Structures are given as structure tokens and as C-alpha cells.
Amino acid sequence: MLVGYSSSSEEEEEEDRRAGTGPKNSGSRECEAEEEDGNDGCPVRKRARTEEQVTKTRLPVPGCLLAMFPDEVDTQNDDSSLHGGRIRSFKHERGNWATYVYVPHPPEEEFVELLEELLSAARARGVVLTLQEEFHLSLSQTVVLRHHWIQPFTRSLRADLAHCKRFVCSARKLKVYCNAEKTRAPILSLSLHGPTPRTFLGMEVCSGHVQLLDLVRVVDRTMTEFHLDTFYKEPSFHVSLAWCVGDVTAQMKECVQELQRVVDEREDGPFLLRLDGAELRCRTGNKTFRFPLES
């Protein structure tokens, strides 16, 4: 009887399972239900965890870290129209500093008046000139210094100039210069901005050549120490007054005598540009170093 009872119970349970009313298997049946609900074959609970993605926001890199690994090339706008038609002769790279040595000349009122008259006279002859942004007499070519060279370079220059005496030189004669490739006029702007030609009106030194050549030799020693280009072998020391884009040397030479008369035939007598060589300066990038000369 006991056996018959058991057999009857198993048969009832089997019928209940077929009818869907009996107790479900807690293992395989639950998995089966999950698989049936998943249209893509992925269990429902697993698919839910997959869909719950957390959006990750990329944090910006701190500026101090970016500064540790700068790009080699500094993107700058070299559009010549933004620089009066001037074009760099060497590619601008971060860490490369255009450097030159010069005697500064702060313009006096009389000098400024003369410049205005010269520009007006040149314009009347069809030559439109632009004044220099600053006035100086170059004692070196424009060379490229790496940033880490600046301190030792200026230290060496200061040591070499320590016993140089201050001087006075003067300029009076107008002269035309051009930075075309066929010439090597010793003008700062030529080294900075080529190969597009520019024509310059300069005032050539008429006294003080010996002192200037002595200073050039001193500056050249530092240039040689750092394997940089020395100054020109036969320099034409002068102060650039104004410039224009293009090689208009021939046109300028036709009117330079008339411009010279503007210099010579002034009410107070011929104008003489006097440069007081109390100090030299070295400009490298946006930094300027001053080197006072001995009295």
C-alpha cells in the first residue's frame, strides 16, 4: 500500500507539472525563464548589468603637466600681411630665441622731425616708407639661441665687455640697403625677415669706426664660443631709419640725393646723428640685457 501511494503521488506531480500547476524546479526552470525573457540570448539580470553603464568624463590635464612636455613647434601666425609683408627666414620653434647685440639710440625731437620730412620727401617721389619701430646700431647678426643658452651666453658677453670703454660715434650720410639674397647688408631686420626683399633707408656712421670694430671683435668672441655666426667682415655701420617691402633700390637711389639735401640743408645746419655708446644691449626673444661700458 505504501508503494502504491508513492506511485500515485509521483503520477499526480507529473500531471501537475504537465498542466503547469505543480511546484517548479528552483534551478533549471528559473534559468529557463530568464533565457526566455532575453531576446538576444543574454540572461535578463546579466543584460541589465550590461546596460547600466556609467558615463565616464575625461578630466582635463593640468596646465603644469602640459608645460613639462611642450610641443616642439610653437604655432604662431606667420601671415606676412600681419607683419608689414615681413617673413621669417628661419622657422619659429618654441625654445629658439632670436638674439642680437646693438647700440641703442633713443630718438630726440629733432631726429623725429627729420624723419617725418624724409618720409614726406620720399612719398613725393613715389616711395612709401615705414618708420622703424626702434633705432639702433647693430653689432651682431641675428642668431638663434636655445633657451638654456641664454644665461651662459649673456654671462660670457658681460665678462668680455667688462673692460670696454664707452664711446661716441656719429652718422650723417644716407644710404640705401636691401636684404635681397644677393646682398648681405648688416641690418637686424634682414636676418629676422627674409627671403621677401625689403629696402631700407639708413644713416651711415661717419666717425667712431675704430671703437665699433673693437666692440664687434669682443662680441664675435662670444658668438664663436657658442658656435654662432659672427658679424660681417666689412660691415657698413648704420642706423636704419625706414623701410618698405620689395627691392626698390634703384628707385630709392634716384631720390637719395634729394633726401640727403633734407639732412644737410636744415635751418640750424646739417643734421648729425650722435650715438652715445654708454651701453650695449642684447635682445633675445622678449628679454633685453644691458651691459654698461666703462666711463
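Y100 and Y102 are both buried, buried meaning under 20% relative accessible area, exposed over 50% and partly exposed in between, with a 1.4 Å probe and protein chains only. The model is a predicted one, in which local features need pLDDT of at least 70 and side-chain atom pairs count only at pLDDT 80 or more, while totals for chains, interfaces and linings use all residues. Residues are numbered from 1 along each chain as its sequence is written, and side-chain values use heavy atoms, with hydrogens and water left out.

Rings of Phe, Tyr and Trp (its six-membered ring) pair if their centres lie within 6.5 Å; planes under 30 degrees apart count as stacked, over 60 as edge-to-face and the rest as tilted. Seven aromatic pairs are found by this rule. Among them, Y100 and Y102 make a tilted pair, with 5.2 Å centre to centre and 35 degrees between the planes. F111 and F135 pair edge-to-face, at 5.2 Å centre to centre and 80 degrees between the planes. Because F111 belongs to helix 5 (residues 109–124) and F135 to the loop between strand 2 (130–131) and strand 3 (136–138), this pair ties together parts 24 residues apart in sequence. Helices (H or I, at least four residues) and strands (E, at least two) are DSSP runs, numbered from the N terminus. F111 and F135 are both buried, and together with F271 they form one aromatic cluster.

Helix 6 (residues 150–161) contains T154, which counts as buried at 8% relative accessibility. T154 touches F289 and F291, leaving aside residues up to four places away in sequence; contact means heavy atoms within 4.5 Å.
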